[in-house]
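Subject: Structure for your files

Hello,

Below is the structure I said I would pass on. My notes on it follow.

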Amino acid sequence: MDEFESKLPVSGVKNHVFEACHHVVKALRASDNNLDANLRKLLSDLESHLSTFGIADTKVEDTGFSEIEVRFKESVKTILSWETNHSTILESGPSEADHFFQALYEVQTVVMGFKALPMKTNQKEKDVYNQATVALDIAMLRLEKELYDVLHQHKQCVQPEYLAVSSRRKDIVYDESFVSLDDVEVVVEASSHEDDEQISEFCNSDLIDPSVLPHIKAIANTMFACEYDQAFCEAFISVQREALDEYMVTLDMERFSCVDVLTMEWNDLKLNGAMREWTRVVKNISHVYLPSEKQLCEQILGDFESVSSACFIEISKDTVLSLLNFGEAVALRPCQPEMLERFLSMYEVSAEILLDVDNLFLDESGSFLRMAFHELSKHLADHTTATFLKFKNAIALNESAHPFPGGGVHHLTRYVMNYLKLLPQYADTINSLLENINVDDSIPEKTGQDVLPLTFSPMARHLRSIVTTLESNLERKAQLYADESLKSIFLMNNFRYIVQKVKGSELRHLFGDEWIRKHIARYQRDVTNYERSTWSSILALLTDNNNNSVKTLRDRCRLFSLAFDDVYKKQTRWLVPDPELRDDLHISTSVKVVQSYRGFLGRNATRIGEKHIRYTCEDIENLLLDLFECLPSSRSLRSSRRR
């Protein structure tokens, strides 16, 4: 091919007979079934015209023209032979490929030779020229088909499971409302490679077998030299765009219109899944596929100035614009707090790839895509910030008409704390978004070796403020309980849950040890309040006073049993889900109640009489273990009565 390019003469005269040539070419293209017959007829005519082509008319020496005539005939014969050959030129081997390109060079030499001569009105000269350009066009059609075949047959099929950029992050499946969010195990998406290793490996991956690149480049150089550059680019763009579409299918990224995105319901999980897939696909496309596609364009078309960039943009723009449109459509939706984690993920990826996008679309022709990515990132930043702030407002506005059954951990508490546990993985992103947004924070900034700087980061302050809002909401919900003991159980359960979620996650470093100590003391006060409101009046029956007559002692023993029965029936329907807290309550209650009851019976059992004592100390101790288990029905108290 280097020889082909070096031998091309420079035309000093514009071509004035292209209209006739294109007329012949169009006729050939329109009659595919008779292509060989028509071509043979044209070449036969060309041969007869060449035989009458004289020195006087062309001012070319007999020996020179005779040599041109012979070489031209042989070259046309070589080109024509490939019209019935269904294999690729590449498959024929280097020798046959060189023979074809040499024949093409000879035909082009004739065409360019005619262009270099002053055109005559002689019809025979025009016919020869037109037929020579037709032969050249047929050769170009063969190269165009060759390009299609080689690109299809030698594309590198990279499996999506190896291309998928894994997430090191924890994710959670949840009911997207403040109605229900149970504790679930967070999972990490498994991957056989680390993200950075994958990106490093696949950024330089070959979309086409490297061994055929010289052949494709030879086709490009030949078609460009013969002024068929547009035909080459259209064919190349078509095949590579199709390959990119196939790749998108392997990534399972469904295309949605703006209307689809705006009308989707979040809780049917379709939009949730689409947003998740978007972050994965955008990362794959920007880090993996498009750099490889741009590399391929530069390897093949890098010698033709801006053509490489123009082809790359044409190949990629439809897919890129579809991803941009989805992101913009999502950013037009109302701010829904349950979408916060997805928005954070989308914004973080959009910001992360900006440098890649700038490098991919450096030229002015790609500036519209660069600008679109930067605009999308800004819109996602604004929408994510608004969603974050609305999350706090939604917590504040969540109201209940009835007390939460059993005094257990409220769904709102579970939802908020499990959601907050997801956010530290976005710490850098959230800090940048909230940097200039002030928030009330009850913890003053301190310094010292035991205080981490991130405890007073924008994110830490906002998360503590969110929990403060949750606590205020729980205080309001507690007021719905008529029973003071159950109110204390409710607050104890929920504040304990909050503390445990903070202590057992990355939130600990954001909230700080001082915050944790204060909140442990807070729910321990609720434990004290529970014990006081439940047992103080009951245990008062077991204390000695000035009136210790037999009747009084028997009445006090009977009243204690009745009061204990009442507590048992109610509190076996209450719930303390934290097993450690429940055990602590059992132990604390047992120590106080059983010890007081044992002392009372020890002093007065003989005077009261065995038949008037309903429960033994062992009975009381065993029954206390049933409290807060939320039993389907309370155990029969009669079965525990001493016989």
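Glu364 sits in the loop between α17 (354-360) and α18 (367-397); helices (H or I, at least four residues) and strands (E, at least two) are DSSP runs, numbered from the N terminus. Glu364 counts as exposed because its relative accessibility is 65%; exposed means over 50% relative accessible area, buried under 20%, and partly exposed in between (1.4 Å probe, protein chains only). Its C-alpha atom is separated by 9.7 Å from that of Ser309, which is 55 residues away along the chain.

On conventions: this is a predicted model, in which local features need pLDDT of at least 70 and side-chain atom pairs count only at pLDDT 80 or more, while totals for chains, interfaces and linings use all residues. Residues are numbered from 1 along each chain as its sequence is written, and side-chain values use heavy atoms, with hydrogens and water left out.

Overall

The chain has 643 residues, of which 49% are buried. Its secondary structure comes to 28 helices and 2 strands. Among contacts (heavy atoms within 4.5 Å) with a separation of 6 or more, 81% are between residues 24 or more positions apart.

A nonpolar core is a set of buried Ala, Val, Leu, Ile, Met, Phe, Trp, Tyr and Cys residues joined through side-chain atoms within 4.5 Å. In the largest one, of 169 residues, the members that touch the most others are Phe232, Phe236, Phe326, Leu420, Leu423, Leu463 and Trp535. Helix α14 (residues 270-301) gives the most to this core, with 13 residues. Apart from neighbours within four places in sequence, Leu420 is in contact with Phe391, Leu463, Ile466, Val467 and Leu507.

Leu420 is also one of the buried residues of α19. That helix (residues 411-422) has 12 residues and spans 17 Å from first C-alpha to last, close to the expected 16 Å at 1.5 Å a residue; the expected span is 1.5 Å times one less than the number of residues. Of the 12 residues in α19, 10 are buried, including Arg414 and Asn418.

Helix α16 (residues 340-352) has 13 residues and reaches 18 Å, close to the 18 Å expected. It is mostly covered, with 11 of 13 residues buried; among them are the charged residues Glu341, Arg342 and Glu348 (Lys and Arg count as positive, Asp and Glu as negative; His and the chain ends are not counted). Helix α25 (residues 550-571), with 22 residues, reaches 31 Å, close to the 32 Å expected. Its buried residues include Arg556, Phe560, Phe564 and Asp565.

Charged pairs

The structure holds 26 salt bridges, a salt bridge being a side-chain nitrogen of Lys or Arg within 4 Å of a carboxyl oxygen of Asp or Glu. Asp149 and Lys145 pair with their closest N and O atoms 2.9 Å apart; both are in helix α8 (residues 123-153), 4 residues apart, about one turn. Lys145 counts as partly exposed because its relative accessibility is 40%. Glu514 and Lys518 pair at 3.6 Å, N to O, and both lie in helix α24 (residues 513-540), again 4 residues apart. Glu514 is partly exposed, at 23% relative accessible area, and so is Lys518, at 47%.

Lys155 and Glu246 form a salt bridge at 2.6 Å, N to O. This pair links distant parts of the chain, 91 residues apart: Lys155 is in the loop between α8 and α9 (160-163), and Glu246 is in helix α12 (residues 229-250). Lys155 is partly exposed at 25% relative accessibility, as is Glu246 at 34%. Separately, Arg241, Glu314 and Lys317 are linked in a network of salt bridges.

Lys477 lies in helix α21 (residues 458-478), and a polar atom of its side chain is 3.0 Å from the backbone oxygen of Asn398. Leaving aside neighbours within four places in sequence, Lys477 is in contact with Asn398, Glu399, Ser400, His410, Leu412 and Phe490. Of these, Leu412 is among the buried residues of α19.

Regards

Conventions. A polar contact is a pair of N or O atoms within 3.5 Å; within protein, one must be able to donate a hydrogen and the other to accept it, and residues adjacent in sequence count only if both atoms are side-chain atoms.
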